[in-house]
Amino acid sequence: MSTWITDWVLPLLQTVISNVALAYLVNQLQPSANNNQTFLLMAVCIVAIIIINFWQSKSQQSQQNSAPANQNGIVGFLPLLGGVTLYSISNYLPTDIRQTVSYISLFLFTVGTVLPAGILLPRKWRRRLIWIIPGAGLFITLYFLIKSQWIAGLLWSLLTAILVILAFLSSFIYGVINRVLEKIKQWLKQMEPLVADIIISKFGESTSQFQAKYYKNLVYTYRTYRTQGLKTPGAFTPDLEKVFVPLRMALKSPVQMSSALIQKETTGDLKIWDFLAEIRTTHTYRRMVIIAPPGYGKTTLLEHLTLAYAQNTQQQQHPQAPKLIPVLLYLRKIRNQITSPQSPNLAQLVIEVVKTESQESSTKLDPSQQWFEDRLKSGKCLVMLDGLDEVADINQRQRVSQWVDAQMRAYPETTFLLTSRPYGYQEAQLQQQPFCLEVQPFNLKQMEEFINNWYLQNEVMRQARKEDAGVRADAKRKAFDLIERIKNNPALAAMALNPLLLTMIATVHDNRGALPGARVELYAEICEVLLARRQQVKGIDYPIPLNAAQKQSVLQVLALQLMQNKTREFTPDIGEQIIQQQLSAVSGNKVETNAFFKHIEQVSGLLLEKQQGVYEFAHKSFQEYLAAVEVQETNNEQILRDNINDSWWDETIRLYAAKNDTSNLIEAALRNPTIVSLSIAYDCLQEGRSVTPQVRQQLEEVLEANLESSNPQFFQIAAEVKLIRQLSQLVRIDEKLEIDNSYITCAQYQLFLDYTGEALQPQHWQNNRFPVGHAKKPITGVSWENANRFCVWLKSWSEKQGLSTPIGELATHYRLLTEEERNQHSINDDKLFADSGIRLLRFKIPSRYNQLAHDLLSGEWQKADEETYQVMLKVAGRKSQGYLDEEDIENFPCDDLRIIDNLWVYASKGHFGFSVQKKIYQELGGTKRYNEKIWNTFGDRVGWRKGGSWVDLGSITFSISAGKGHLPLTFFVFVRRDISREGGGGVNIATRHLFSRAETCRL
């Protein structure tokens, strides 16, 4: 359309129409007015609007961005609405004020006609013209006062006063209205799909009788949470929507995805609904492959999507979720139809599956041939294809993949979701270049949410009543018990990140008794489910003719030999040597070792190919459990007695003890009393199936009595056993944090004093040893500095005991809980001992920060400052250059900067650190832009300037008594300049860049 028409003809036409309406209303308000007066008023309004539109067009030519003004144009019609309101009530008012109200109504009509165009003017003109309105009101007020019409004059004076106030507040009012309109616009935008879906559902095709029946059948089929293959079934089957926890997704290529049954926690919060919500604008998301190891909830996720769409609750999951018709197909069930010579297309296959499956329900379905075909072509369906990996034969799987490719080409507007384990997709990838998503392991929050949901639904059904406070209390108590047990057991905590294993843990805990005492039954169930039961329930036939017991017998031999070799890793050649005899015994030479290992890795998930040609069990606990079972079945307890003093065997011994009498094991420990043997013996006493009274008494006397013993050797063994047990029971918070739910005792602190020889005992001790009878009491009266020195010693001691071996590039350290952490994870003893006791937090950081953590926790501030400089050069790759420039600082990794800052802030109790310095600088008004006054004031505040001069580096105070923010200093030498000589220059540039980076990294 011509710009001349849009810029002039249409606005003028709108103006004429609005003024004709105004003229009519003038005649209605003033019967005595003649037509000449009416047309004169209308002409004035038209001329005014023409002039305003001319100014507006000129302004828009010079200022392209006039959107904010255009949004406010509608506000100008508000006076028009006010005039309508007054006119509508004028006939009901007393006669003496009716005429005045009529004039006010006329005035508002006039303003409402002219104001919309006026609001579109440039800001400077609007600010000037806005005073015309109160000016006109003042003129009319004076007119009535001169005419001695006092009531009319009073009303107009009040109206004029209001107009004056509004004119003064015009900028504020415009801002408020603009924000309100923007919010309304956003809300309306969000409501668009919902309103559209409601209209479609009310008047469109979705009201068809077939679709209603189809949705009802889907609800009946998928409304329960199904745990396929569990040996120990739950007492009740909860509703899927009540227990389902949304899975987190990460964008990855297939080659980057792990097949490990148990993985580490990851960050990221994207859900499948986030991707579905974008399919209208991002067509890539219409082809998605969801990949995950066994038990990560791929099938449950698709059933959740199906149920949500069938119940029309997708908008509750995501406000932008599209309206789609769910179609869920299990590839293992339809693989033969797909790969037959006369394979059906997708629409034909869906109709066949719907008809067949509905025969098993009370709702018989008979869709027409075109019903699904039309909807697939128009992109109204969400097609979910579950379990590409469950097509066991690789050739058939590849043909299935080719068929899926063909359907994606045939129905380009339809959204497809395909699920698979990593190996299944890597061997039969789609050619349509789908978007690949990897399901992430549960984090702590998801784990707790699932357990709470699980127990709440179980209690509702168990008690056969509605959810109320009593039911919630019972569920919360049981859920809390399980959550705490999982947190206190690292092996269970690792397994609880897998949704299937977590379901097993919850089921066993609910049906067979408390964990970890029953964890042997848990491991037994996991092995049976993963080795065969899930495949049997799903009807999947794999080319390994062995049942679960036979497979497990082979793995038991492998596990025990790996324990004896003191390794977790093995190559196929070594593995063949270990299992060949047992594999031949159960298979009759029908199964090759390499095929067996691949099957256990890809199908069961109990083995993991860590790297090319190197295998290990998915978690060490599986290796330890299977070794314990092999020891029991072969009556070979002597192996465990011979290794009672070896911490490598501790969990295997505990798992064996849970099913056997442990008297002989404890006696073996008492004959060879060391820290490790007595610690294992004490665990056997607590967790073993049985022990003779004599052996029990003997062990308890040894441990308890020796805590107060004056014999240094006996005391050391007993105290170290207690310390090892306490460190083994820390509560897992996440992958890098564990906290202690008790305080360090006097006996344990005494170990620190005895090892170091330092006189760091509390002042209330009369000598360098704890008072008699206080061995098991929490230590008190310890300063912050001494408590941190204890943590430094504990790191080195625990490493010597084999408790804190480095994992990859991560190293383990200890520190105290901060006040915030204590509040978040409080215990009763905090009230008594928080101020001067020792409650530990174990954390992991990259090993390159070992020396920095040691120096800071030891209070070696100058060494820590120099180490900070060195480690930052190493991280930035500037070791040879010897300094960091501005670009290096701007690009410094946030994670590393955060670790360095956290160590400084913790060790100084919030006194030192980059974030502390940044806060001071910003409070003074400092920005990335240099300001000499602010920079000098900052130097004064942190103690880098004295007497108006910048101090030299040799005069820095490396002590906690220095001013707040005094340390670290290392960014002074990033640019290799002396602050005392330059007092600014490159130093303040580097500093401001560092603070800018700290702000970006949210320090």
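Me: Which residues form one aromatic cluster?
Reply: This is a predicted model, where local features need pLDDT of at least 70, side-chain atom pairs count only at pLDDT 80 or more, and totals for chains, interfaces and linings use all residues. Residues are numbered from 1 along each chain as its sequence is written, and side-chain values use heavy atoms, with hydrogens and water left out. Rings of Phe, Tyr and Trp (its six-membered ring) pair if their centres lie within 6.5 Å, and planes under 30 degrees apart count as stacked, over 60 as edge-to-face and the rest as tilted. The cluster is made of Phe715, Tyr749, Phe752, Tyr755, Trp765, Phe770, Phe790, Trp793 and Trp797.

Me: How far from the ring centre of Phe843 is the charged end of Arg815?
Reply: A charge sits over a ring if NZ of Lys or CZ of Arg is within 6 Å of the ring centre and within 35 degrees of the ring normal. Lys620 does this over the face of Trp648, at 4.1 Å from the ring centre. For Arg815 over Phe843, the distance is 5.6 Å.

Me: Is Arg815 buried or exposed?
Reply: Buried means under 20% relative accessible area, exposed over 50%, and partly exposed in between (1.4 Å probe, protein chains only). Arg815 has a relative accessible area of 13%, so the word for Arg815 is buried.

Me: Which residue forms a salt bridge with Arg815?
Reply: You get a salt bridge when a side-chain nitrogen of Lys or Arg is within 4 Å of a carboxyl oxygen of Asp or Glu. Here the closest N and O atoms are 2.8 Å apart. The partner counts as buried, at 17% relative accessibility, and it's Glu821.

Me: Why is one side of β9 and of β11 left without a neighbour in the sheet?
Reply: Helices (H or I, at least four residues) and strands (E, at least two) are DSSP runs, numbered from the N terminus, and two strands pair if DSSP finds at least two bridges between them. Four strands make an open antiparallel sheet in the order β9-β10-β12-β11. β9 (731-732) and β11 (810-816) stand at the edges, so each has a single partner strand.

Me: How many residues apart are Asp646 and Lys566?
Reply: Their side chains meet in a salt bridge (2.5 Å, N to O). Asp646 is in the loop between α29 (638-642) and α30 (650-657), and Lys566 in the loop between α25 and α26 (572-587). Asp646 is buried at 16% relative accessible area, whereas Lys566 is partly exposed at 48%. The pair links distant parts of the chain, and the separation is 80 residues.
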